[in-house]
Amino acid sequence: MALEAYSDFIKVFFAIFVAMDAFGNLPILFMLTKKLSLKERNKSVNKAVVIATILLLIFLFFGTKILGYFGISFDSFKVAGGIILLILGLRIVLGLRIVEEGASKYEVATVPLATPMITGPAVLTLVILFVNEFGYLLTLSASLLNLLITWIVLRQTELLYKVFGRQGSDTIARIMGLVLTALAVEFIKQGWIGL
């Protein structure tokens with residue numbers, strides 16, 4: 001039983017890790033904050049992670065209730081969520097950086113950093129799906145651990161960007177995108193069977 005719970009945690013943790021894509025987002029954060037001082041960049045990262053955490057917790061605890069309120073069956077949401085994950089996964093694999101182009105219009109910490117980069121549609125979809133499948137505690141633990149890792153990675157943006165470079169970060173992102181795409185297909189298949 002303990003082994004099964006550990007296996008479930010790894011599955012949930014890794015799926016959310018892939019969706020958050022902290023390493024893949026390094027080039028975007030670096031470009032957006034290269035004119036800021038280290039103190040200003042860290043302040044933006046701290047604020048973004050707090051906002052992302054609040055958003056994630058809202059969807060984690062109330063996402064299923066919101067679906068119920070609108071009369072959306074969980075299998076329908078699984079198909080719809082799978083399609084969103086599929087689009088986002090393909091976007092990452094193909095290297096389409098929509099966020100990077102429009103980011104300068106907004107305050108970096110809120111948009112695009114908190115959402116959609118840290119807690120975007122993919123993460124929010126996964127959180128709702130995993131709460132229904134594995135419960136609140138496991139999903140919450142995996143989510144908070146991912147937010148902590150993302151915070152650490154983004155606080156070390158300059159160092160990590162020098163280590164990986166744009167090409168290295170993009171390579172990691174595309175591998176993550178491929179995993180996310182496969183996960184999306186699995187969700188669509190499961191939801192379709194349930195309908």
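Is Asp 21 buried or exposed? Asp 21 is buried, since its relative accessible area of 6% falls under the 20% cut-off. You'll find Asp 21 in the loop between α1 and α2. Its backbone deserves a look too: phi of Asp 21 is positive, near 50°, and the residue is not a glycine.

Before going further, keep in mind that you're looking at a predicted model. The average pLDDT for the protein is 85, and 93% of the residues score at least 70. Among the elements, α8 has the highest mean pLDDT, 96, while helix α5 (residues 98–102) has the lowest, 49. Over residues 100–106, pLDDT stays under 50, and the model has seven contacts beyond four places in sequence for that stretch. Where pLDDT is low, the predicted coordinates should not be read in detail.

Now for the inside. In soluble globular proteins, nonpolar side chains tend to be buried together. Here, the largest nonpolar core has 50 residues, and those with the most contacts inside it are Leu 113, Ile 118, Phe 130 and Leu 180. Several helices give two or more residues to this core, including α1 (2–20), α3 (38–69), α6 (109–118) and α9 (157–194). The largest share, nine residues, comes from α7, the helix that runs over residues 121–134.

Setting aside neighbours within four places in sequence, Phe 130 is in contact with Val 12, Ala 15, Ile 16, Gly 135, Thr 139 and Phe 187.

Next, move along to α9, where Ser 169 is found. Ser 169 counts as buried because its relative accessible area is 0%, under the 20% cut-off. What is packed around it? Leaving out neighbours within four places in sequence, Ser 169 is in contact with Phe 23, Gly 24, Leu 26, Pro 27, Tyr 161 and Phe 164.

Finally, take helix α4, which covers residues 74–93 and so has 20 residues. From its first C-alpha to its last, α4 reaches 28 Å, close to the 28 Å expected at 1.5 Å a residue. After α4 comes Gly 95, with a positive phi near 75°.

Notes. Residues are numbered from 1 along each chain as its sequence is written. This is a predicted model: local features need pLDDT of at least 70, side-chain atom pairs count only at pLDDT 80 or more; totals for chains, interfaces and linings use all residues. Side-chain values use heavy atoms; hydrogens and water are left out. Helices (H or I, at least four residues) and strands (E, at least two) are DSSP runs, numbered from the N terminus. The expected span of a helix is 1.5 Å times one less than its number of residues. A nonpolar core is a set of buried Ala, Val, Leu, Ile, Met, Phe, Trp, Tyr and Cys residues joined through side-chain atoms within 4.5 Å. Buried means under 20% relative accessible area, exposed over 50%, partly exposed in between (1.4 Å probe, protein chains only). Contact means heavy atoms within 4.5 Å. pLDDT is the predictor's confidence in each residue, from 0 to 100.
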